[in-house]
Amino acid sequence: MAEKGVGFDIEDIKINKENFRHSPLGSEEEAICYLIEEDYDSYLELAKRMEKDCRTFPVLLLKRNETYILMDGNRRTSVIKIFKHPELSPNNPRYEELRNLCRSRGPIEINELYADVYDDQSEDDRENLMNALNELHIHENKTKKDWNA
């Protein structure tokens with residue numbers, strides 16, 4: 001049975017090197033670079049919004065043996081990491097605005113994230129995780145009510 005709302009130190013959550021967005025990568029640093037390079041404008045906008053008002057957010061983790069794999073929240077988690085460690089962003093003049101933003105702001109004050117943890121050993125957990133990911137990223141959630149802010 002999945003565990004809900006489990007606290008994890010941000011440094012203990014690793015960006016997924018085998019994300020659905022890309023083929024497997026060699027390291028967390030490569031995965032962060034990929035997320036930035038995939039759509040730099042969108043990533044920079046996310047970083048600017050989080051720099052202005054970074055709220056806590058839940059992440060989804062898959063527990064495989066004793067390893068936790070970040071299944072949802074990779075971009076937001078990586079933004080928090082690069083504010084703390086700007087050297088994680090690609091060393092390319094194109095990304096200078098991102099590095100400058102991170103250097104001038106310094107670390108974001110979120111040191112812990114809360115996760116729903118799904119166990120890879122449980123068929124129900126794997127199915128529930130895939131349903132959650134589909135709902136978040138593929139299919140529109142019919143349980144949300146539209147509203148006009």
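At what angle do the axes of helix H2 and helix H3 cross? I looked this up before anything else, keeping in mind that the model is predicted.

**Entry: the two helices.** I found H2 at residues 40–52 and H3 at residues 74–84. Their axes cross at roughly 65 degrees and come within 10 Å. Angles of 65 to 115 degrees count as roughly perpendicular, so I wrote down H2 as roughly perpendicular to H3. The crossing of H2 past H3 is right-handed.

Next I listed who makes the contact. On the H2 side I noted Ser-42, Tyr-43, Leu-46, Ala-47, Met-50 and Glu-51. On the H3 side I got Arg-75, Arg-76, Ser-78, Val-79, Ile-80, Ile-82 and Phe-83. I sorted these contact residues of H2 and H3 by type and got eight nonpolar, two polar and three charged.

**Entry: the sheet.** In what order do the four strands of the open sheet come? I read the order as S1-S4-S2-S3, and the pairing is mixed. S1 and S3 are the edge strands, since each of them pairs on one side only. From one strand to the next, the twist averages 45 degrees.

Entry: I zoomed in on S2 (residues 58–64) and S3 (residues 67–72), which run antiparallel and are joined by five bridges. S2 and S3 form a hairpin, with two residues between them. In that turn I checked Asn-65, and its phi is positive, about 55 degrees.

**Entry: helix on sheet.** Which strands does H3 lie across? I noted S2, S3 and strand S4 (112–119). H3 runs at about 110 degrees to S3.

**Entry: aromatic rings.** How many aromatic pairs does a search of the whole structure find? I got two. One of them is Phe-8 with Tyr-68, an edge-to-face pair. Their ring centres are 5.0 Å apart, with 65 degrees between the planes. I then checked where the two residues sit: Phe-8 is in strand S1 (residues 3–9) and Tyr-68 is in strand S3. They are 60 residues apart, and this pair links distant parts of the chain.

Terms used:
Residues are numbered from 1 along each chain as its sequence is written. This is a predicted model: local features need pLDDT of at least 70, side-chain atom pairs count only at pLDDT 80 or more; totals for chains, interfaces and linings use all residues. Side-chain values use heavy atoms; hydrogens and water are left out. Two strands pair if DSSP finds at least two bridges between them. Axes are lines fitted to C-alpha atoms, for helices over the stretch in contact, and angles run from 0 to 180 degrees between N-to-C directions. Angles under 35 degrees count as roughly parallel, over 145 as roughly antiparallel, 65 to 115 as roughly perpendicular and the rest as oblique. A crossing is left-handed if the near helix is turned anticlockwise from the far one by less than a right angle, and right-handed if clockwise. Contact means heavy atoms within 4.5 Å. Ala, Val, Leu, Ile, Met, Phe, Trp, Tyr, Cys and Pro count as nonpolar, Asp, Glu, Lys and Arg as charged, and the others, Gly among them, as polar. Rings of Phe, Tyr and Trp (its six-membered ring) pair if their centres lie within 6.5 Å; planes under 30 degrees apart count as stacked, over 60 as edge-to-face and the rest as tilted.
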